[in-house]
Amino acid sequence: MKVTKFFVLAVVAALTMLAYTPVAKLAAQQTCTQDVVTEGDVSRQIEGTPPAPGKSWVLYTRAVSGNPPVSVTPGTGAFVNGPGTPPLGDGSLQLGTSDGSAKVYMFTFAHDGTKLADINNISYQTYRTTGSAQQVAALNMVIDFNGPDVSGGFSTLVFEPVYNTAQGAVVSGEWQDWIASGDGRWWSTRVINGQCAGAVTGCFRTWDQIKANNPDAVILGGFGVNQGSGNPGLLTGVDALTIGGTSACVTYDFEADTDADGVGDGYDNCPTTANPDQADNDIDGTGDVCDGDDDNDGIADETDNCPLISNANQANNDGDALGDACDADDDNDGVADTADNCPLTANANQADTDGDGIGDACDPSTRPTTKDQCKNGGYTRFNDPAFKNQGDCVSYVSTRK
């Protein structure tokens with residue numbers, strides 16, 4: 001790619017893109033990789049400036065125009081929840097142009113260098129809240145129609161529903177689908193192979209015709225949505241912006257991010273409390289940072305002594321700060337439950353007289369196995385059978401009776 005070409009392209013694209021109207025009902029498209037885009041992915045800049053590094057999208061607005069420059073009302077771009085029921089998630093990108101001089105557009109440069117010939121899937125959806133006639137946000141694609149290795153050849157391709165009446169009329173108050181690939185009709189801001197410039201009769205070409213006429217054409221300067229000057233009072237929601245080929249494509253899902261944690265509200269298990277890791281201990285759909293009962297056992301975390309492990313009965317054998325369900329040493333004798341032969345009865349020495357795996361401290365049927373165990377009052381520790389004296393204990397060892 002020619003660096004000088006890219007910079008010129010970015011400036012040309014910013015100065016030449018125009019916004020227009022919408023239309024259409026669309027057929028199902030292939031399944032594409034979904035990419036959620038939130039405010040954190042966007043750099044906000046004045047039109048005519050090259051894209052800032054580190055961000056995957058740039059939202060351009062118009063601040064001045066004329067010579068000498070005069071202030072104008074800039075367009076607005078915001079990630080919002082709604083309107084209505086967006087096609088993906090809960091939100092959309094909302095573009096606004098309050099008067100005829102305002103302009104706003106949002107581009108990604110991730111597809112720069114992609115050949116138009118390899119793209120056969122382009123679509124998006126719009127929701128017009130306010131506006132009239134056939135006005136609605138358009139698609140823009142800045143290209144080099146003769147390829148990146150030949151000087152010159154820059155133009156901006158524009159898809160507007162108003163010029164695609166076969167897909168239907170633009171209406172307010174509902175989400176509408178628009179297919180820009182295939183038979184979708186585009187106009188070009190400059191003369192390109194097989195196509196004159198401008199949104200005029202005779203200069204429209206379908207996407208398939210543009211590809212056939214410009215086999216070397218590549219995207220070079222961004223792709224995205226544009227609401228240009230000449231659209232006073234227009235407020236458009238945009239979502240499900242798709243671009244790609246038969247083997248790989250991406251659908252951009254624009255989402256509000258109320259808590260600014262990088263997870264769109266439509267997918268955030270705590271939309272108003274930042275939790276980028278989306279931890280959800282009990283998998284109940286509510287993230288841990290905003291879940292009052294993280295183990296879903298009916299006991300509020302603030303009073304639960306095992307807040308991350310279900311223990312509705314709140315059993316706490318040793319009376320310490322941890323409930324039995326999450327206490328590794330339930331009798332607090334210094335021996336972990338997993339190795340303790342009496343996990344609920346303190347027995348630090350782990351004595352097991354009869355060798356049955358149950359410690360003497362909790363074995364209800366401890367029996368002597370040697371005479372020495374009966375000496376020095378040792379017979380009193382046995383309870384099954386219970387011995388009156390040392391002699392009885394010794395006799396038991398000998399006869400097992």
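**Disulfides**

I searched the whole structure and found four disulfides, counting a pair of cysteine sulfur atoms within 2.5 Å as one. A reminder to myself: a disulfide is a covalent bond between the sulfur atoms of two cysteines. The model is predicted, so local features need pLDDT of at least 70 and side-chain atom pairs count only at pLDDT 80 or more, while totals for chains, interfaces and linings use all residues. Residues are numbered from 1 along each chain as its sequence is written, and side-chain values use heavy atoms, with hydrogens and water left out.

I looked up Cys196 and Cys203 and found their sulfur atoms 1.7 Å apart. The torsion about their S-S bond is about -115 degrees, so this disulfide is left-handed. I noted Cys196 as partly exposed at 28% relative accessible area and Cys203 as buried at 5% (buried is under 20%, exposed over 50%, partly exposed in between, with a 1.4 Å probe and protein chains only).

Next I took the disulfide of Cys374 and Cys393, with 1.8 Å from S to S. It is left-handed too, with -65 degrees about the S-S bond. Cys374 sits in the loop between β17 and α3 and Cys393 in helix α3, 19 residues apart. Helices (H or I, at least four residues) and strands (E, at least two) are DSSP runs, numbered from the N terminus. Both cysteines of this pair are buried.

**Aromatic rings**

I found 12 aromatic pairs in the structure. Here rings of Phe, Tyr and Trp (its six-membered ring) pair if their centres lie within 6.5 Å; planes under 30 degrees apart are stacked, over 60 edge-to-face, and the rest tilted. Phe107 and Phe109 make an edge-to-face pair, 6.4 Å centre to centre with 65 degrees between the planes.

How is the pair of Phe159 and Trp186 arranged? Their centres are 5.7 Å apart and their planes at 55 degrees, so I wrote down "tilted". Phe159 lies in strand β11 and Trp186 in strand β13, so the pair ties together parts that are 27 residues apart in sequence.

I traced an open sheet of eight strands with mixed pairing, in the order β2-β3-β8-β15-β10-β11-β13-β14. Strands pair if DSSP finds at least two bridges between them. β10 and β15 run antiparallel, joined by six bridges, and Ala138 stands opposite Asn226 in β15.

Last, I checked Asn214, in the loop between α2 and β15. Asn214 is buried at 0% relative accessible area. Leaving aside residues up to four places away in sequence, Asn214 touches Phe145, Ile192 and Asn193 (contact means heavy atoms within 4.5 Å).
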